[in-house]
Amino acid sequence: MYLTVRGAVVRKKFAAFPLATAATFLILLFSIVQHLPGGERFVNHIGVVRASLPLEVSLLRTPLSLYVPALDLPVWGALAQVFVVFAIAEVVLGRRMTLVVAYACTLAGTLFARVGVAMGPHHLFGFPKWVAFVRDTGPSAAVVALAICIAFRTRAWFTAATVVVLMVGEAVVLPNLAGLEHVVAVVTALLIAVSVEVFGDFWPRVLAGVGAATSVATSASREVAAEARRRSAGAVIP
């Protein structure tokens, strides 16, 4: 993994990480805007998700909610995490897969919060009603999920196990919304990673087989046609 990332940095510098750079810039931008007069209200309307919101509103805001940092946490921590993890993911997983994992796991956490509130506090994974009004934003779930997928792709099993243990430990010691959403992100990331390993090359292999079969059939047809033409020419000559 180190050699792959280092090679990309040497060849393209920061141009190798446009997605990580853009994500870091958006987090910095939202952090600045939400601390301006009237800025928090603006950010709340476009990028803040709460379980109390209608589902369609939450779905529309989820993509931007990934880049809205928490008000009570230092933004430099989010900036550093996002740039480093997104940059590595961009090189190891590719930009498309990085976006899929980040958004899928963030969305899984958002939906889990709604389900937990609906179940209520008497269930193991339920929440009291007031959690529905908690601001549910930030890139932490995406960062955790990408770390899992990177470790899985590079076969860094110790790193993957460490992330899983830390997230489960966090959820046990601090059983709050963020901690349980991190566990949901881990589970979702593992499902994605396993699915890609099992089925990721399935359709390319099928298409390659179809292409090879088509080529063989075309060659055979040409040979049959050429042989027919030779026989026809032999029959015409007296």
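At 16% relative accessibility, Thr24 counts as buried in this predicted model. The residue is found in helix H2, where Thr24 touches Leu79, Val82 and Phe83, leaving aside residues up to four places away in sequence.

**Overall composition**

The chain contains 10 helices and zero strands. Read from the N terminus, its elements run α-α-α-α-α-α-α-α-α-α. Of the 238 residues in the chain, 37% are buried.

**Helices H5 and H7**

Val82 also takes part in the packing of H5 on H7. Helix H5 (residues 75-92) packs with H7 at an angle of about 35 degrees, and their axes are 10 Å apart. The crossing of the two helices is left-handed. On the H5 side, the residues that meet H7 are Gln81, Val82, Val85, Phe86, Ile88, Ala89 and Val92. Their counterparts in H7 are Ala142, Val143, Leu146, Ala147, Ile150 and Arg153.

**Helix H3**

Which residues of helix H3 are buried? In this helix, residues 39-47, they are Gly39, Val43, Asn44 and Gly47. These residues lie on the same side of H3, because they cover an arc of only 135 degrees around the axis. As background, an α-helix has 3.6 residues a turn, so residues three or four places apart point the same way. The buried residues of H3 pack against helix H2 (18-33) and helix H4 (55-65). Arg41 and His45, on the other side of H3, are exposed.

**Cysteines**

A search of the whole structure finds zero disulfides. Cys105 is in no disulfide, and the nearest cysteine sulfur, that of Cys149, is 6.3 Å away. Cys105 counts as buried, at 0% relative accessibility. Cys149 likewise counts as buried, at 6% relative accessibility.

Arg155 lies in the loop between helix H7 (140-153) and helix H8 (157-173). Arg155 has a positive phi of about 60 degrees, although it is not a glycine. Most residues other than glycine have a negative phi. Arg155 counts as partly exposed because its relative accessibility is 43%.

Within helix H8 is the place of Leu166. Is Leu166 buried or exposed? At 53% relative accessibility, Leu166 counts as exposed. His182 is 16 residues from Leu166 along the chain, and the C-alpha atoms of the two are separated by 9.9 Å.

The table lists the relative accessibility of the individual residues discussed above.

| Residue | Relative accessibility | Class |
|---|---|---|
| Thr24 | 16% | buried |
| Cys105 | 0% | buried |
| Cys149 | 6% | buried |
| Arg155 | 43% | partly exposed |
| Leu166 | 53% | exposed |

Methods: Residues numbered from 1 in each chain as written. Predicted model: local features only at pLDDT ≥ 70, side-chain atom pairs only at ≥ 80, totals over all residues. Heavy atoms only, no water. Helix = DSSP H or I, 4+ residues; strand = E, 2+ residues; numbered from the N terminus. Buried < 20%, exposed > 50% of the residue type's maximum accessible area, 1.4 Å probe, protein only. Arc of directions from axis to C-beta. Contact = heavy atoms within 4.5 Å. Disulfide = S-S within 2.5 Å. Axes fitted to C-alpha atoms, helices over the stretch in contact; angles between N-to-C directions. Left-handed = near helix turned anticlockwise from the far one by under 90°.
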